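Thanks for passing this one along. Here are my notes, in the order in which I would read them beside the model.

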Amino acid sequence: MADKYKAILQTELQNNDLPQSAKMVLDYLDKLKNFPLIIAITGESGSGKSTLVNALRGIRNRTEGAAPTGVVETTVEPTEYVHPEMPNIRIWDLPGVGTTNFTADKYLEYVGFEKYDFFIIVSSDRFRENDAKLAKEIQRMNKKFYFVRSKIDHNVRDEKEENPNFNEEDLLKLIRDNCTKELQTMGFESPKVFLASGVRLHLYEFEDLWKTLKEELPKLQRDALLLALPNISANVIEQKKKTLERKITWLSVASAAAGAAVPVPGLSAGVDLSIIVSCVIQCAISLGLTPGLLQKLSDVTGVSLEDLKAELKSPLAGVKITSALVLQVLTRSAAYILATTVEEGARLVPVIGTVVAMSLSCATTYKALKYILNTLAEDTQRVFIKALGLNSPV
Ligand SMILES: Nc1nc2c(ncn2[C@@H]2O[C@H](COP(=O)(O)OP(=O)(O)O)[C@@H](O)[C@H]2O)c(=O)[nH]1
Ligand SMILES: [Mg+2]
């Protein structure tokens, strides 16, 4: 949590003004949820810009709501695509630099460069002069840019056809070195190029791009981007879990502080169920476990929805999350936690079934939430492996 908020919150808690503290935390979390991150995807026509826009939004080309893609340039003016689950993340599909007849400075003016947080310049073969001019102009405007060399899956496939014993690492190095050299001759001292495939984000170096963004973006944007990112690796899923864990900690404080007046049967009189429910929903969305997101994953990977669902163990995964369901799972998880925590378990729950009848402490609710998150994250890891297993790399 931002230090400023932390300090104020501490004071509020010391003064024991719980409703005020709850408001603080909720305001902060709201800010996090609504903090805008605006990404521009640019490059030559046909380089794979629109495909990358779709991949970042977790949807397949040519499905409903997807940015139009194809061999013919389809984007003639900047088009905004809102992330389907996180409306604060906006990805702009910009027209191909070469298609507009603008010089780099006029192009940037035309696309309204001020509003973007950073640019991704996509190229599917050589980086062209246009790309370099654009990058320099972006730099001159004090904005950040990243080079992405796309369609690497094609290069790998083509090379494999010609030489089945080829070494993928060698090929990737060759492509990377080539791109770097080109950009160096165009005046970039040590350009960073990320090799990627817009149709298979989990392969190659897309994760490295994300890691770089993580280091360079301000904290609020970093967390927003992480939670919106498709599950491209086990590591990304683990980091999502950690980020959500931090949110749970703060939401528990808020829930405990705000909930005093909203007692729910089975739950501590001091816990606000609506805050807990929205927290669980947010976890399911970020981890890609809502029915809609599982369907999209099935569309993107070609693995059937049934096969993906077979990997789910949490009763909150792949279903519509309601307050009643959350309460049920929460109390069941709490019973499990209390029963497996020797000291607490022995003292507090002689018979597991009675836990529903009694009130859960805020601390137990917090632990139960973390337990729920763990189970959801484990489901996500299994679904991720399943989704990749049948859709093996080229
Ligand atoms: N195999 C593969 N095809 C891609 C990739 N990126 C784009 N394409 C295909 O290349 C064509 C042009 O892509 P598009 O996203 O429309 O390019 P844009 O003009 O830069 O927006 C489309 O047919 C895409 O399906 C990629 O990384 N791998
Ligand atoms: Mg396009």
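This is a predicted model: local features need pLDDT of at least 70, side-chain atom pairs count only at pLDDT 80 or more; totals for chains, interfaces and linings use all residues.

1. Residues are numbered from 1 along each chain as written, chains are lettered from A and ligands numbered from 1 in written order, and side-chain values use heavy atoms, without hydrogens and water.

2. Around ligand 1 there are 18 residues, and Gly46, Ser50, Thr51, Asp153 and Gly198 come nearest (near means a heavy atom within 4 Å). By class, this shell has one nonpolar, 12 polar and five charged residues (Ala, Val, Leu, Ile, Met, Phe, Trp, Tyr, Cys and Pro count as nonpolar, Asp, Glu, Lys and Arg as charged, the others, Gly among them, as polar).

3. Do look at the backbone here. A backbone N or O atom of Gly46 sits 2.7 Å from an oxygen atom of ligand 1. For Gly48, a polar backbone atom is 3.0 Å from a ligand 1 oxygen, and for Gly70 a backbone N or O atom is 3.0 Å from one.

4. Helix α8 (residues 206-216) packs with helix α9 (residues 219-228) at about 155°, their axes 8 Å apart (axes are lines fitted to C-alpha atoms over the stretch in contact, and angles run from 0 to 180 degrees between N-to-C directions; helices are DSSP runs, H or I, of at least four residues, numbered from the N terminus). That makes α8 roughly antiparallel to α9 (over 145 degrees).

5. In this pair, Trp210, Leu213 and Lys214 of α8 meet Arg222, Leu225 and Leu226 of α9 (contact means heavy atoms within 4.5 Å). Four of the contact residues are nonpolar, none polar and two charged.

Note on methods: Helices (H or I, at least four residues) and strands (E, at least two) are DSSP runs, numbered from the N terminus. Angles under 35 degrees count as roughly parallel, over 145 as roughly antiparallel, 65 to 115 as roughly perpendicular and the rest as oblique. A polar contact is a pair of N or O atoms within 3.5 Å; within protein, one must be able to donate a hydrogen and the other to accept it, and residues adjacent in sequence count only if both atoms are side-chain atoms.
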